[in-house]
Amino acid sequence: MVDSIKGALSAELNSLGKATTEAASGTGFSDVLKQSIESVNKLQSDADQAIQGLASGQVNNIHDTMIAIEKASLSFNLMLQVRNKLVHAYEEVMRTQV
């Protein structure tokens, strides 16, 4: 289970690194943000499908379902922390006296 979570985290970090590389190559911040949100949304959808499959009996592997849920949770928490940092940075800029 730990190896699976490490693999999921590694894949997520690779996708974020890829997004950062794309940002440096000319795509804008909004494109990177949109791509990241779509990635998190896809992981949430995958987790929902895994839960529905397990609940309906179509899938008997609870291990894969738990991995999908954990991937979705980790990616959502990462996105939430990025949002919190952006809001904090915005508030700091707005407090700056000119």
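## Val-82 and its setting

Val-82 is found in helix α3. In this predicted model, the residue is partly exposed, with a relative accessible area of 40%. That value lies between the 20% under which a residue counts as buried and the 50% over which a residue counts as exposed.

## The nonpolar surface patch

Val-82 belongs to a nonpolar patch on the surface, together with Phe-29, Leu-33, Ile-37, Leu-78 and Leu-86. The accessible area of these residues together is about 500 Å².

Two helices contribute to the patch: α2, which spans 29–56, and α3, which spans 62–95, each supply at least two of the residues in it.

## Packing of α2 and α3

The two helices that supply these patch residues also pack against each other, at an angle of about 150 degrees and with their axes 8 Å apart. Angles over 145 degrees count as roughly antiparallel, and α2 and α3 are therefore roughly antiparallel to each other. The crossing in which α2 passes α3 is left-handed.

## The chain as a whole

The secondary structure of the chain consists of three helices and zero strands. Read from the N terminus, the order of elements is α-α-α.

The chain has 98 residues, of which 14% count as buried. Val-82, being partly exposed, is not part of that buried fraction, because buried requires a relative accessible area under 20%.

Methods. Residues numbered from 1 in each chain as written. Predicted model: local features only at pLDDT ≥ 70, side-chain atom pairs only at ≥ 80, totals over all residues. Heavy atoms only, no water. Patch = residues over 30% accessible without salt bridge, like charges linked within 9 Å, V, L, I, M, F, W, Y side chains within 5 Å. Areas by Shrake-Rupley, 256 points an atom, 1.4 Å probe, with all protein chains shown as cover. Salt bridge = Lys/Arg side-chain N within 4 Å of Asp/Glu carboxyl O. Helix = DSSP H or I, 4+ residues; strand = E, 2+ residues; numbered from the N terminus. Buried < 20%, exposed > 50% of the residue type's maximum accessible area, 1.4 Å probe, protein only. Axes fitted to C-alpha atoms, helices over the stretch in contact; angles between N-to-C directions. Parallel < 35°, antiparallel > 145°, perpendicular 65-115°, else oblique. Left-handed = near helix turned anticlockwise from the far one by under 90°.
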